[in-house]
Amino acid sequence: MRRPRSLRTAGSLAALLALALAGCGASGDGGSGGAGPRTEGVRADRVEPLADRPPAAELPVTVDSADGRKVTVEDTRRVVPLSGGLSEIVFTLGLGERVVARDITATFAQAKKLPVVTRAHDVSAESVLSLKPSVVLAETTTGPAEALDQIRDAGVPVVVLAPAKGLDDVGPRIGAVAKALGVPKAGQALTARTEQRIAKVRASVPGRAKKPRVAFLYLRGSASVYLLGGRESGASPLLEAAGAVDAGKASGLRKDFTPITSEALAKAAPDAILVMSKGLDSVGGVDGLVKIPGVAETPAGMDRRVVSVEDGVLLNYGPRTDRVLASLVDQLYAKDAT
């Protein structure tokens with residue numbers, strides 16, 4: 001099977017998420033025999049809007065787009081966010097009723113009935129334009145460029161934003177989306193709420209002399225794709241905020257993802273393994289995970305210590321990142337409370 005472009009270039013975490021959501025069927029329930037992962041802490045189910053009423057937009061507004069353009073937005077009645085993370089921010093700002101389409105990674109309840117116009121960051125210009133959008137929000141990884149140009153040529157403002165790579169990007173990213181939609185005050189309020197919640201979770205992390213080593217694995221059993229996250233995987237900031245060590249990064253892996261090998265896992269020597277929930281299902285749960293060469297020989301594999309978080313929220317670095325972090329902390333240190 002030919003590997004998807006996003007995996008050959010290893011250029012887009014959101015594309016990996018999209019592939020997991022599009023291609024991973026549920027083929028297990030976490031494994032039988034022995035403890036499975038605790039997944040109740042985070043569910044990609046609903047976002048929590050700031051208020052019952054949408055904020056009033058102050059338009060027009062001209063913003064700097066991450067592609068070097070200046071873009072003027074005059075109308076936000078029909079918004080199309082071309083990634084799950086952007087959709088999450090728009091809905092949480094209270095503007096969900098104005099969203100008319102979604103990316104496949106926007107899995108939360110308020111968005112799941114919307115038509116899908118983007119998969120693995122490949123946008124269908126025809127599908128977008130058929131919905132008569134008044135503004136489109138994209139990321140620097142969204143493509144192809146010809147599709148975005150086609151949308152622009154139709155007279156639709158396209159605001160491009162840089163993807164979030166860590167906790168420090170949460171506030172600026174929320175602010176950038178809010179500014180583009182003419183609701184900067186709502187952006188400030190959401191940023192404050194999100195940062196306060198993240199700080200509260202970080203303060204709850206147990207102090208330990210020896211930090212747990214956690215390996216982030218990207219799994220797509222239906223395509224026989226098994227990858228170990230390295231320094232640029234996107235998981236390091238979350239793991240470090242949870243008081244853990246990114247085992248892939250610590251073992252010297254500089255790329256974002258590298259194929260899993262017994263040697264690489266032995267060098268990483270993780271105490272726990274972090275996975276996306278649908279990816280775990282795709283290999284048959286924990287029972288299937290420990291059958292991947294090298295996993296059973298790690299401390300994590302021997303203890304069947306697996307941390308699972310929903311695909312659509314794990315690496316978004318947005319308004320629900322506090323919930324992701326809380327789930328990591330809960331699952332990593334559950335034994336400390338017993």
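**Reading the fold step by step**

Student: Where do we begin, and which share of contacts joins residues at least 24 apart?

Tutor: Among contacts in the protein between residues at least 6 apart in sequence, 69% link residues at least 24 apart. Please keep in mind that this is a predicted model. The protein has 15 helices and 14 strands, and 55% of its 338 residues count as buried. Its accessible surface is about 14600 Å², with 50% of that belonging to carbon and sulfur atoms.

Student: Since the model is predicted, what is the average pLDDT, and where is it below 50?

Tutor: pLDDT is the predictor's confidence in each residue, from 0 to 100. Here the average is 88, and 86% of the residues score at least 70. Residues 1-12 fall below 50, and this stretch has 20 contacts in the model beyond near neighbours in sequence. Residues 21-44 also stay under 50, with 67 contacts beyond four places in sequence.

Student: Now the sheets, please. What is the strand order in the open sheet with parallel pairing?

Tutor: That sheet has three strands in the order β3-β7-β8. Its edge strands are β3 (79-81) and β8 (158-161), each pairing on one side only. On average, neighbouring strands are turned by 15° against each other, direction ignored. You can trace the pairing of β3 with β7 (residues 135-139) through three bridges; look for V80 opposite V136 in β7.

Student: Which helix packs on this sheet?

Tutor: Helix α5 (residues 145-153) does, touching β7 and β8. The direction of α5 makes about 145° with that of β8.

Student: How do I read the two sides of a helix, and which residues of α5 are buried?

Tutor: Here is the general idea. An α-helix has 3.6 residues a turn, so residues three or four places apart point the same way. Now the case: the buried residues of α5 are A147, L148, I151 and R152. They lie on the same side of α5 because they cover an arc of only 140° around the axis. These buried residues pack against β6 (122-123), α4 (125-130), β7 and β8. On the face turned away from the buried side, you find the exposed residues A145, E146 and D153. Just after α5, G155 takes a positive phi of about 90°.

Student: You mentioned β6 as a packing partner of α5. Which sheet has β6 in its strand order?

Tutor: The open sheet of three strands with the order β4-β5-β6, where the pairing is mixed. β4 (102-103) and β6 stand at the edges with a single partner strand each, so one side of each has no neighbour in the sheet. Between β5 (residues 116-119) and β6 the pairing is antiparallel, over two bridges. There, T118 stands opposite V123 in β6.

Terms used: Residues numbered from 1 in each chain as written. Predicted model: local features only at pLDDT ≥ 70, side-chain atom pairs only at ≥ 80, totals over all residues. Heavy atoms only, no water. Helix = DSSP H or I, 4+ residues; strand = E, 2+ residues; numbered from the N terminus. Buried < 20%, exposed > 50% of the residue type's maximum accessible area, 1.4 Å probe, protein only. Contact = heavy atoms within 4.5 Å. Areas by Shrake-Rupley, 256 points an atom, 1.4 Å probe, with all protein chains shown as cover. Pairing = 2+ DSSP bridges. Axes fitted to C-alpha atoms, helices over the stretch in contact; angles between N-to-C directions. Arc of directions from axis to C-beta.
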